Amino acid sequence: MSFYNVKNLVGLSGVVGLVMAGTILYRHRRIQKNITKGVPYQLAIKELDSHPNVCKLLGRPISLKQLDLSDKEVRIDHRSASLKVPFSGSKRSGVIHAVVKKREDDWEVLKLSIELETPMRE
């Protein structure tokens, strides 16, 4: 009689699959959290927030969504960042595009643009 029967192997593969899926979700959330707490992301959002006319056009509150980490335009390293941050305001939604570079010891927003996806809501 074999120690490894089909029922045991199926059960073991199910447990291993659940552990792997949980680990992947955990790592994805940690990466998202690290990016959103990072200086380039915070600086880009602060720059957007400093323009009251843009905020008025989008409509408050502006809710930021998760970045698509598989998007090739989203790149972050220790000297520069290229971000695409999906957002939803009370009037419009779309994507914030930001290019942030490190100069000496400070970070600087080089480009900040907004791609609107929805027509104006009243």
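Visitor: Where is Asp71 found?
Guide: Asp71 is in the loop between β1 and β2 (75-76). Those strand names come from DSSP runs, numbered from the N terminus: a strand is E over at least two residues, and a helix is H or I over at least four.

Visitor: Is Asp71 buried or exposed?
Guide: Asp71 is buried, with a relative accessible area of 19%. Buried means under 20% relative accessible area, exposed means over 50%, and partly exposed is in between (1.4 Å probe, protein chains only).

Visitor: What does the side chain of Asp71 reach?
Guide: The side chain of Asp71 reaches the backbone nitrogen of Glu73, at 2.8 Å.

Visitor: What kind of model is this?
Guide: This is a predicted model, where local features need pLDDT of at least 70 and side-chain atom pairs count only at pLDDT 80 or more, while totals for chains, interfaces and linings use all residues. Residues are numbered from 1 along each chain as its sequence is written, and side-chain values use heavy atoms, with hydrogens and water left out.

Visitor: OK, new topic. How many residues does helix α1 have?
Guide: Helix α1 (residues 6-37) has 32 residues. From its first C-alpha to its last, α1 reaches 47 Å, close to the 46 Å expected at 1.5 Å a residue. The expected span is 1.5 Å times one less than the number of residues.

Visitor: And how do α1 and α2 cross?
Guide: The axes of α1 and α2 (residues 39-49) come within 4 Å and cross at roughly 55°. That makes α1 oblique to α2. Angles under 35 degrees count as roughly parallel, over 145 as roughly antiparallel, 65 to 115 as roughly perpendicular, and the rest as oblique. The axes are lines fitted to C-alpha atoms, for helices over the stretch in contact, with angles from 0 to 180 degrees between N-to-C directions.

Visitor: Which residues meet there?
Guide: From α1 there are Ile35, Thr36 and Lys37, and they meet Val39, Tyr41 and Gln42 in α2. Contact means heavy atoms within 4.5 Å.

Visitor: What about Glu104, is it buried or exposed?
Guide: Glu104 is exposed, with a relative accessible area of 78%. Its place is in the loop between β4 (93-103) and β5 (106-116). Glu104 also has a positive phi of about 55°, although it is not a glycine.

Visitor: Last one: which residues does the cis peptide bond join?
Guide: The cis bond joins Arg60 and Pro61, with omega about -5°. Pro61 is in the loop between α3 (52-58) and β1 (63-64).

Key. A polar contact is a pair of N or O atoms within 3.5 Å; within protein, one must be able to donate a hydrogen and the other to accept it, and residues adjacent in sequence count only if both atoms are side-chain atoms.
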